[in-house]
Amino acid sequence: MERTFIAIKPDGVQRGLIAEIISRFERKGFKLVAIKLIKPSKEFAQKHYHDLKERPFFNGLCDFLSSGPVLAMVWEGEGVVTYGRKLIGATDPQKSEPGTIRGDLAVVVGRNIIHGSDGPETAKDEVNLWFKPEELV
Ligand code: ATP
Ligand code: MG
């Protein structure tokens, strides 16, 4: 069954949005198969966002991801990679539709509270980066 990697970033955890965000994935009907709270190192954040290393915001982004606890999760279900991104909304919360997580709960791109894998291959890589096989139920 299809799986995706979803993370609530330090701003989402700090703002107390864990239950709200998990609830949206649960109510849709996706299945939670792994979850842990982890404070990633900067090196780990750089690995997670390696595709963006040439972007001007890369350093600040990695500093931010490693600045506090992140709730790392794996969600499973038909179409979960693509639909998970729909639930999350556009990268820039100014452009996210109302009804999406970022549209309803965030304002600026550098504090957009949640990450979701952008495709099936990325999802596999990110699940393997963040979780050991025995952590998936
Ligand atoms: P994520 O990978 O976190 O789910 P995304 O796939 O919607 O987000 P990416 O292009 O992968 O968007 O960018 C990764 C993250 O980098 C964004 O979520 C955002 O926090 C940050 N980011 C993207 N563009 C900018 C920007 N122009 N300025 C500052 N931060 C940015
Ligand atoms: Mg991305």
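Where is the place of I113? I113 sits in the loop between helix 6 (101-105) and strand 4. This is a predicted model.

**I113 and D11**

The phi angle of I113 is near 60°, a positive value in a residue other than glycine. I113 is also buried, because its relative accessible area is 0%. Its backbone nitrogen lies 3.2 Å from a polar atom of the D11 side chain.

D11 belongs to helix 1 (residues 10-14). D11 is buried but has no salt bridge. The nearest side chain of opposite charge is that of R111, 5.3 Å away. A salt bridge here needs the nitrogen within 4 Å of a carboxyl oxygen. Leaving aside neighbours within four places in sequence, D11 is in contact with F64, R111, N112 and I113.

**H115**

Strand 4 (residues 114-116) holds H115. The UniProt annotation "active site", from an unreviewed entry, covers H115. Is H115 buried or exposed? H115 counts as buried, because its relative accessibility is 10% and the limit for burial is under 20%. Leaving aside neighbours within four places in sequence, the residues in contact with H115 include F5, I6, A7 and K9. H48, Y49, I88, R102 and E126 are also in contact with H115.

**Helix 7**

E126 is in helix 7 (residues 120-130), where A123, E126, V127 and W130 are buried. Seen down the axis of helix 7, the buried residues fall within an arc of 105°, so they line one face of the helix. The face turned away from that buried side carries the exposed residues E121, D125 and N128.

**S67**

S67 is found in the loop between helix 4 (58-65) and strand 3 (70-76). S67 is partly exposed, with a relative accessible area of 46%. A polar atom of its side chain lies 2.6 Å from the backbone oxygen of F64. F64 is also among the contacts of D11. Leaving aside neighbours within four places in sequence, S67 is in contact with P10 and K39. The C-alpha atoms of S67 and K9 are separated by 9.4 Å, and the two residues are 58 residues apart along the chain.

**Salt bridges**

Side chains of opposite charge can pair when their charged atoms come close. How many salt bridges does the count come to? The count comes to eight. Among them are the pairs below.

| Salt bridge | N to O distance |
|---|---|
| R3 and E76 | 2.8 Å |
| R24 and E20 | 2.8 Å |
| K31 and E76 | 4.0 Å |

The R3 and E76 side chains meet in a salt bridge. This pair links distant parts of the chain: R3 is in strand 1 (residues 3-8) and E76 in strand 3, 73 residues apart. R3 is partly exposed, with a relative accessible area of 29%. E76 counts as buried, at 14% relative accessibility.

K31 also forms a salt bridge with E76. K31 lies in strand 2 (residues 31-38) and E76 in strand 3, so the pair ties together parts that are 45 residues apart in sequence. K31 is partly exposed, at 46% relative accessibility. Together, R3, K31 and E76 are linked in a network of salt bridges.

R24 and E20 both lie in helix 2 (residues 18-28). They are four residues apart, about one turn of the helix. R24 counts as buried, at 16% relative accessibility. E20 counts as partly exposed, at 33%.

Terms used: Residues are numbered from 1 along each chain as its sequence is written. Chains are lettered from A and ligands numbered from 1 in the order in which they are written. This is a predicted model: local features need pLDDT of at least 70, side-chain atom pairs count only at pLDDT 80 or more; totals for chains, interfaces and linings use all residues. Side-chain values use heavy atoms; hydrogens and water are left out. UniProt positions are given in the numbering used here, feature names are shortened, and annotations may be inferred rather than shown by experiment. Helices (H or I, at least four residues) and strands (E, at least two) are DSSP runs, numbered from the N terminus. Buried means under 20% relative accessible area, exposed over 50%, partly exposed in between (1.4 Å probe, protein chains only). Contact means heavy atoms within 4.5 Å. A polar contact is a pair of N or O atoms within 3.5 Å; within protein, one must be able to donate a hydrogen and the other to accept it, and residues adjacent in sequence count only if both atoms are side-chain atoms. The arc is that of the directions from the helix axis to the C-beta atoms. Lys and Arg count as positive and Asp and Glu as negative; His and the chain ends are not counted.
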